[in-house]
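Visitor: Could you walk me through this one? I'd like to start with the charged pairs and then move on to the rest.

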Amino acid sequence: MGYMWKVCYYELLYWCIAAVLCTVYFSPCTVMGKAEGSVAREEWHGHVTALSVAPEFRRLGLAAKLMELLEEISERKGGFFVDLFVRVSNQVAVNMYKQLGYSVYRTVIEYYSASNGEPDEDAYDMRKALSRDTEKKSIIPLPHPVRPEDID
């Protein structure tokens with residue numbers, strides 16, 4: 001079993017709030033997420049664990065529909081926001097998330113491990129406030145980057 005499937009299996013068993021596998025003309029698209037955080041600290045939220053659309057089916061709005069579904073489930077679960085991590089270099093994804101209403105909350109230094117001698121890569125922690133966060137506190141950007149070990 002590949003690494004991604006092990007992660008997905010763990011998420012499904014323990015934390016899953018939304019795992020949707022759709023087949024459109026025999027080509028898969030997937031979103032997987034979980035609910036996590038603290039209600040007392042207003043950090044209860046939906047987290048996007050994985051989002052993928054086969055290359056030949058991109059730019060058709062499938063990713064937006066899957067994100068909308070995860071956001072709706074996060075709303076029903078009483079979340080304050082939805083968050084995700086994306087590589088800083090993945091500007092196509094960053095721009096798509098911005099179009100969906102997400103903003104960069106913080107930069108996480110060396111979040112993604114590299115291979116083949118390449119340097120580790122930073123990530124953006126992007127967030128979208130939900131209706132429970134009436135003051136939009138959850139999306140106020142942090143003024144400085146953080147390290148992975150500093151993430152709750």
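Visitor: Happy to begin with Glu42: what is its relative accessible area?
Guide: Keep in mind that this is a predicted model. Glu42 falls between the cut-offs of 20% and 50%, so it counts as partly exposed, with a relative accessible area of 38%.

Visitor: And which residue does the side chain of Glu42 meet in a salt bridge?
Guide: Glu42 sits in the loop between strand 2 (27-36) and strand 3 (45-53), and its partner is in the segment after strand 6 (121-129), so the pair ties together parts 95 residues apart in sequence. The N to O distance is 3.9 Å, within the 4 Å cut-off, and the residue is Lys137.

Visitor: How many salt bridges are there in total?
Guide: Side chains of opposite charge can pair when their charged atoms come close. With a 4 Å limit from nitrogen to carboxyl oxygen, the count comes to eight.

Visitor: Which residue pairs with Arg87 in a salt bridge?
Guide: Arg87 is partly exposed, with a relative accessible area of 32%. The side chains meet at 3.0 Å, N to O. Arg87 belongs to strand 4 (residues 81-87) and the partner to strand 6, so the bridge ties together parts 34 residues apart in sequence, and the partner is Glu121.

Visitor: Which residues are joined with Arg147 into one salt-bridge network?
Guide: Start with the bridge from Arg147 to Glu110, whose closest N and O atoms are 2.8 Å apart. That pair links distant parts of the chain, with Arg147 in the segment after strand 6 and Glu110 in strand 5 (residues 103-112), 37 residues apart. Arg147 is partly exposed at 32%, and Glu110 is too at 37%. Bridges that share partners then join Arg147 with Glu110 and Glu149.

Visitor: On to the rings. Is the pair of Phe85 and Tyr111 stacked or edge-to-face?
Guide: A search of the whole structure finds three aromatic pairs, and in this one the centres are 4.6 Å apart with 15° between the planes. Phe85 lies in strand 4 and Tyr111 in strand 5, so the pair ties together parts 26 residues apart in sequence. Phe85 is buried at 18% relative accessible area, while Tyr111 is partly exposed at 31%. An angle under 30 degrees puts the pair on the list as stacked.

Visitor: What about Tyr97 and Tyr102, stacked or edge-to-face?
Guide: Tyr97 and Tyr102 are both buried. Their ring centres are 6.0 Å apart and the planes meet at 70°, so the pair is edge-to-face.

Visitor: Which residues make up the cluster that ring pairs link?
Guide: Two of its members are the stacked pair already mentioned, Phe85 and Tyr111. Ring pairs bring in one further Tyr, and the cluster reads Phe85, Tyr111 and Tyr112.

Key
Residues are numbered from 1 along each chain as its sequence is written. This is a predicted model: local features need pLDDT of at least 70, side-chain atom pairs count only at pLDDT 80 or more; totals for chains, interfaces and linings use all residues. Side-chain values use heavy atoms; hydrogens and water are left out. Helices (H or I, at least four residues) and strands (E, at least two) are DSSP runs, numbered from the N terminus. Buried means under 20% relative accessible area, exposed over 50%, partly exposed in between (1.4 Å probe, protein chains only). Rings of Phe, Tyr and Trp (its six-membered ring) pair if their centres lie within 6.5 Å; planes under 30 degrees apart count as stacked, over 60 as edge-to-face and the rest as tilted.
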